[in-house]
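Student: Could you walk me through this model, one feature at a time? I would like the general idea and then the case at hand.

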Amino acid sequence: MKLVGATDIGLQRSENQDSYRAGRCTDGAAWGVVCDGMGGANGGRLASGLACAVMERVVEAGLERRNGVPNEQTMLSGALEQANRIVYEKACATPDLEGMGTTAVCVLVRGGMAHYAHVGDSRLYLYRNGRLHQLTKDHSMVQELVEQGRLTEEEAEKHPRKNLITRALGVGQELQPDFGVKEVSPRDILLLCSDGLSNCVQVGEIEHILSHTPFFDTAQALVAQALRGGGHDNITVLLIQIKGAEESNG
């Protein structure tokens, strides 16, 4: 498995409130997480950083177990729940951090399957044979309007309240992530990103970059394209290429 990631403050923010982590294990498994924080002052940056650190610890501990390894959804669920608890407790204990939270999208690739979970509007895509497929569905007000038939996909892309999310990690004691699983094949690429990428770079542009860029240059190339597209927000991308892909994309 190959991993590459990049994050950038963008052109209009005073600090970068995105965070990401990733890792590989000796059994061939790989995992990754991207978080996009929210909250005034340092709240968003702290929330996303805490969430990523907790999830890294929980997932790697689970993968290192020699016996009784939990199934992948259980592992991801436990990581999200612990991250939610720690971020929420930190916010409750610190008045200046009240209301902080973060999106989270995470994936664990093992045994030819990609197990994933998310909350908020950070996304997971699968790139296969030149096409990009969105695996997650945003937890956002605009997405709900699309599902109700009150907005088209095209209208949603330009909606002024597109950034209002309906679920987040760390804002309450209860968390409602969505889970999924997808079979993956050699040469597939999994792309995790914050909305700083998905709001500024069109699907066709992402496909072109992934098709024509050596793998280890793709993260920076996608960030650069988002900056050219306006760089309205922090930008974070994390890519995992499935084992056996050495013969293409670098």
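Student: Is Arg 187 buried, partly exposed or exposed, and why?

Tutor: Buried means under 20% relative accessible area, exposed over 50%, and partly exposed in between, with a 1.4 Å probe and protein chains only. Arg 187 counts as partly exposed because its relative accessible area is 43%. The model is predicted, so local features need pLDDT of at least 70 and side-chain atom pairs pLDDT 80 or more, while totals for chains, interfaces and linings use all residues. Residues are numbered from 1 along each chain as its sequence is written, and side-chain values use heavy atoms, leaving out hydrogens and water.

Student: What is the phi of Arg 187, and where does the residue lie?

Tutor: Most residues other than glycine have a negative phi. Arg 187 has a positive value near 85°, and it sits in the loop between β9 and β10 (189–193). Strands here are DSSP runs of E, at least two residues, and helices are runs of H or I, at least four, numbered from the N terminus. Asn 129 also has a positive phi, near 50°, in the loop between β7 and β8. Asn 129 is exposed because its relative accessibility is 75%.

Student: How many salt bridges does a search of the whole structure find?

Tutor: A salt bridge needs a side-chain nitrogen of Lys or Arg within 4 Å of a carboxyl oxygen of Asp or Glu. The search finds nine. One of them joins Arg 110 and Glu 72, with the closest N and O atoms 2.9 Å apart. That pair links strand β5 (residues 104–110) to helix α2 (residues 72–93), 38 residues apart in the chain, and both partners are buried.

Student: What is the N to O distance between Arg 123 and Asp 138?

Tutor: Their side chains meet at 2.8 Å. Arg 123 is in strand β7 and Asp 138 in the loop between β8 and α3, 15 residues apart; both are buried.

Student: Which residues lie nearest the centre of the second largest pocket?

Tutor: On a 1 Å grid over the protein atoms alone, a pocket is an open set of points with protein on both sides within 12 Å along at least five of seven lines, and lining residues have an atom within 4 Å of a point. Here 22 residues line the second largest pocket, with Arg 123, Tyr 125, Gln 134, Glu 153 and Glu 157 nearest its centre. Elements that give two or more residues to this lining include β7 (123–128) and α4 (153–157).

Key
1 Å grid on protein atoms, 1.4 Å probe; cavity = no way out; pocket = protein on both sides within 12 Å on 5 of 7 lines; lining within 4 Å.
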